[in-house]
Amino acid sequence: MEKRLFLAVFLSIAFLFAWGAIAPRLFPQLAKRPEEPAAVAGRPVTTEPPAVATSEPAPRAPSPAPAAERAPSPTVTPVAGEWVMPVTIESSIYSATFTNRGAQLTSFRLLRYPERKGGEPVDLVSPRNPDRFDFPFAIVSGDRRVNELVNGSVYRIERSEVSGARVVRFAWAGEGITVEKTFRFTRDQYLFGFEIRMSTPDEIPYRIVIGPGLRRILPEEEDNQFVATGVGMVQIGGDLETIQRQKAAEFTRFEGTPEFVGLQDNYFLAVLKPRRGTEPTLRAVELPPGADGGEPRRELYAGLNAVRGEVSGDAYFGPKEAGLLDRYGLENTLQFGVFGFIARLLLAALLWINTWTHNYGWAIIVLTAIIKILLYPLQHKSMVSMKKMQLVQPKMNAIKERYKKARTDPEQRQKMNTEMMKLYKQEGINPASGCVPLLLQLPILWAFYTLLSRAIELRGAPWILWIADLSVKDPYYITPILMTATMFIQQWLTPTTADPMQRRIFLAMPVVFGWLFKEFPSGLVLYWLVQNILSIVQQMITNRYWHARPATEEKGA
């Protein structure tokens with residue numbers, strides 16, 4: 001029994017480790033076969049290769065409009081700005097900067113979230129050469145010349161304030177084309193409105209895009225199995241589809257009206273939420289070396305097709321805070337895996353406990369103690385059952401010895417099993433009781449694992465001394481070593497019916513667990529360490545105060 005139980009724990013933890021490494025690559029795609037590309041450019045010709053591929057499937061044309069709407073005059077009054085200049089919208093939580101060259105978003109800095117402890121604020125617009133014209137809210141059509149004009153021209157800027165919201169309007173017109181881009185910011189809200197209109201003589205279909213990628217990938221994140229960067233996502237009909245950038249099709253078009261389309265990583269996201277029917281797209285590109293300040297890699301653009309020359313809605317560039325995502329209908333992007341409901345409960349509990357402890361490390365310890373108290377009756381029953389198993393081991397061995405020569409006889413094996421079950425019943429032993437606490441612990445362990453690697457509330461949260469971030473591994477491996485030591489002690493104190501050789505094997509297993517946990521978030525190791533310590537205390541109390549009595553005496557008492 002102990003051998004099977006310990007093997008189950010080992011396999012479960014090994015699965016947890018392996019799943020964390022491969023899960024981001026296992027999501028199915030809704031991608032259709034890429035359509036034949038048509039010539040298109042994302043910016044005017046410069047000395048640097050464009051980030052938007054020079055050939056891309058043209059946006060799907062909308063339903064034909066009446067002739068009076070469909071054919072504007074090729075002669076329009078020119079509208080343009082005088083020089084290139086930035087437009088910055090400041091608030092207490094973000095700083096957004098646009099450029100009037102192409103009327104695009106060049107920076108969206110989250111003032112409350114540094115890239116690393118003590119560093120610069122996270123910028124959700126990935127870095128690139130400022131001469132490029134593929135920043136968020138760029139226009140992409142099937143006409144190269146149109147793209148060069150609307151993304152490379154200098155727009156006129158108009159600022160105003162309407163009902164407490166700051167409004168920035170960009171306008172440009174020339175060569176029969178008119179473009180208006182309007183952005184509306186409500187103070188201290190990450191969600192902001194956008195409205196983009198483009199009119200051309202032939203009513204060329206187009207889309208607006210955000211990307212490529214999401215924020216700058218730090219060196220320590222590039223090979224981190226717990227960090228998923230630049231993941232594309234589309235939600236249609238309440239179902240969220242995620243697409244990994246490394247394996248995304250070159251061009252993916254989705255049928256149906258989306259609730260939102262965008263890009264995300266573990267802690268941040270940028271999405272477009274259309275106000276009326278349109279189609280979402282995802283476009284994969286191979287960024288050349290130095291295009292965004294880093295190594296060459298595959299990244300995604302997310303886009304919305306315009307309908308009759310217009311695309312409008314709301315954009316969210318911000319953190320994946322549970323409260324904010326629930327408020328804006330983005331709760332599905334907070335993906336905690338198969339035990340997500342448990343992770344959400346644990347997160348809510350940690351947030352509440354942290355209002356008292358003001359330290360998430362101590363909050364984890366308090367929550368672990370609460371979980372231990374709730375599971376105490378089951379765990380106590382399991383320990384008592386194992387001690388009873390240890391006491392009746394001679395009787396079990398005697399039964400096995402009687403049937404030793406009949407191992408291949410099914411009928412004799414059945415009789416042996418019947419006698420064993422009769423013995424269990426007589427002694428008041430449930431052989432499966434030891435597995436119940438384990439089955440309850442594994443979902444909690446998995447929920448903590450996903451919580452600590454995806455909850456932005458715990459990102460950068462320190463505990464004490466050397467633990468500066470509970471969401472990353474212990475830099476000195478002190479907590480994994482302590483966890484391994486406590487597992488040795490716990491295994492030594494646990495009653496067992498195994499022979500001496502098996503017991504020595506079991507005592508070596510904590511080393512394997514310690515090796516697996518050394519790369520896990522330190523908050524998860526802290527949880528398991530505290531669980532071990534509390535289990536040791538519980539086992540010592542049980543060993544001291546529990547006195548075995550035959551089942552017949554217990555019934556007569």
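**View 1. F448 and its neighbours in the predicted model.** In this predicted model, F448 touches L346, L350, L367, I371, L524 and Y527, leaving aside residues up to four places away in sequence. F448 is also among the residues with the most contacts inside the largest nonpolar core, along with F108 and F137. That core has 112 residues, and its largest share, 8 residues, comes from helix 10 (residues 435-454). There's a second, separate core too: it has 6 residues, including A138, V140, L287 and Y301.

View 2. Among the 22 aromatic pairs counted, here's an edge-to-face one: Y190 and Y316 sit 6.1 Å centre to centre, with 65 degrees between the planes. The two are 126 residues apart, so to speak from distant parts of the chain: Y190 is in the loop between strand 10 (177-185) and strand 11 (191-199), while Y316 is in strand 20 (residues 310-319). Y190 counts as buried because its relative accessibility is 5%, and Y316 is buried at 0%.

**View 3. Two tryptophans on helix 6.** W352 and W356 make another edge-to-face pair, 6.2 Å centre to centre and 65 degrees between the planes. They're 4 residues apart in helix 6 (residues 340-357), so about one helical turn separates them. Both W352 and W356 are exposed.

**View 4. Charges over rings.** The charged end of R459 sits over the ring of Y267, 5.7 Å from its centre. Elsewhere, K518 lies over the face of W515, at 4.2 Å from the ring centre.

**View 5. Helix 11, end to end.** Helix 11 (residues 478-493) has 16 residues, so at 1.5 Å a residue it should span 22 Å; its end C-alpha atoms are 23 Å apart, which agrees. Its buried residues are T479, P480, M483, T484, T486, M487 and Q491.

Terms used: Residues numbered from 1 in each chain as written. Predicted model: local features only at pLDDT ≥ 70, side-chain atom pairs only at ≥ 80, totals over all residues. Heavy atoms only, no water. Expected span 1.5 Å × (residues − 1). Buried < 20%, exposed > 50% of the residue type's maximum accessible area, 1.4 Å probe, protein only. Core = buried A, V, L, I, M, F, W, Y, C linked by side-chain atoms within 4.5 Å. Contact = heavy atoms within 4.5 Å. Phe/Tyr/Trp six-rings, centres within 6.5 Å; stacked < 30°, edge-to-face > 60°. Lys NZ or Arg CZ within 6 Å of the ring centre and 35° of its normal.
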